[in-house]
Amino acid sequence: MSTPPPSDTSDVSDVSDVRPSGSADLVRDEILPTVSLPMSIRSVSLTVLTAIAVVWALYVAQTLVVPLLLGMVISLVLSPLVEGLRRLRVPRPAGAGLVLMLLLGLIGGIGYQLSAPAAALADELPQVARRIRQALVSTTIGRESAMSDLQEAADELTSAAAVAPRDRSGAQPVRVVEPPAGLRDYVMTGTGMAAQVLLVLFLVFFLLSAGDLYKRKFVKLTGPSLSRKKITVQIMDEIKDQIGVYLRTLVTVSSIVGVATWLAYVAVGMPNAAVWGLLAGVANVVPYIGPTLVAGAASAMAFAHFGTIGEAVMVGSIQVAITSLEGFLLTPALMSRSARMNPVAMFVGLLFWGWLWGAWGGVLGVPLLMATKVIADRVDDLHALGELLGD
């Protein structure tokens, strides 16, 4: 009886015995599971190009878009007051005008009360800068380092290079001096700012007078489908509620931060404490960046006034402590009804809007992120974006 020929097949367990050394990673890569993305290269390219076009349009049209968004945000803050007056039989236009006049009167009164301390602070700024410069110079006098030697050598080389052409040709180098900014530039800047303020005020007045007119129009534009109308109403109501809660909370918290800063600086003997309290309250509108700038400026002023680093650190630490307590305790307790976003997404969003629109981008960044999250949570194709922004 003949013996059968040996089989060419081998058991899977014998693969490690027959494969060459060094091929373990190759086999491991071959058996890794893969995931296919539900999109094509073409759709990704179109999405990227559309995003670039939208960002460019927002940057170019910022002089129009920023006042419009700012007016909408202010109207959301003031709308409960107008609704309360309407329940008291006051017509919407009259209520809107009354609320705006009260707001302008409040801002004007605060500005008038703080005008004298602000002028005193402005008068002290040159002396503060001089003291800080003297302190920095006194700490660096007598230091000899490689960097200073290199800087001196670079200055000598620059002077030699500037003199050499004149020695050969005898021609006097021409120096172009830019003329100082004239009165016309300041007038144009002031006129532009006044026009922007008037535009925002008129827009706020019209939005408060219109009530839910544009809400009904947007719902009507969604089409005859009852489900689409219902979803649109839910999105608009949720955006209004969440942004309204955030803005009213921000106004309350900023007022508390300003008063706390004023009282704390009065206790430690900081000059112009009322002005610093106002600056702290206003800067609290821009998360992270505003309180940091105020803390740094207050520390520099304290160093110039008290003359010791310990006092400067103490003043800056007071500001940091107040804003930290506000950020970790007060704001989360007051914003329990509002949408929660993770800090990384909020910080990146603020960087983006600040890069796009400057200081106004920092002010409007959080409301825009909140509106984007509400829309992303309700639209199927944008659920991934909502998940990235969510807590």
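**Salt bridges, stop by stop**

Begin with helix 4, residues 62-87, and select Glu83 and Arg86: both lie in this helix, 3 residues apart, about one turn of the helix. This is a predicted model, and the tour visits some of its salt bridges, of which the structure holds 4.

**Stop 1: Glu83 and Arg86.** Show the side chains of the pair. They form a salt bridge, with the closest N and O atoms 3.3 Å apart. Colour by accessibility next. Arg86 has 41% relative accessibility and counts as partly exposed. Glu83 is also partly exposed, at 22%; the cut-off for buried is under 20%, so Glu83 does not count as buried.

**Stop 2: Arg92.** With three residues now on screen, what links Glu83, Arg86 and Arg92? They are joined in a network of salt bridges.

**Stop 3: Lys373 and Asp377.** Move to helix 15, residues 359-378. Lys373 and Asp377 both lie in it, 4 residues apart, about one turn of the helix. Their side chains meet in a salt bridge of 2.9 Å, N to O. Is Lys373 buried or exposed? Lys373 counts as buried because its relative accessibility is 11%, and buried means under 20%.

Key. Residues are numbered from 1 along each chain as its sequence is written. This is a predicted model: local features need pLDDT of at least 70, side-chain atom pairs count only at pLDDT 80 or more; totals for chains, interfaces and linings use all residues. Side-chain values use heavy atoms; hydrogens and water are left out. Helices (H or I, at least four residues) and strands (E, at least two) are DSSP runs, numbered from the N terminus. Buried means under 20% relative accessible area, exposed over 50%, partly exposed in between (1.4 Å probe, protein chains only).
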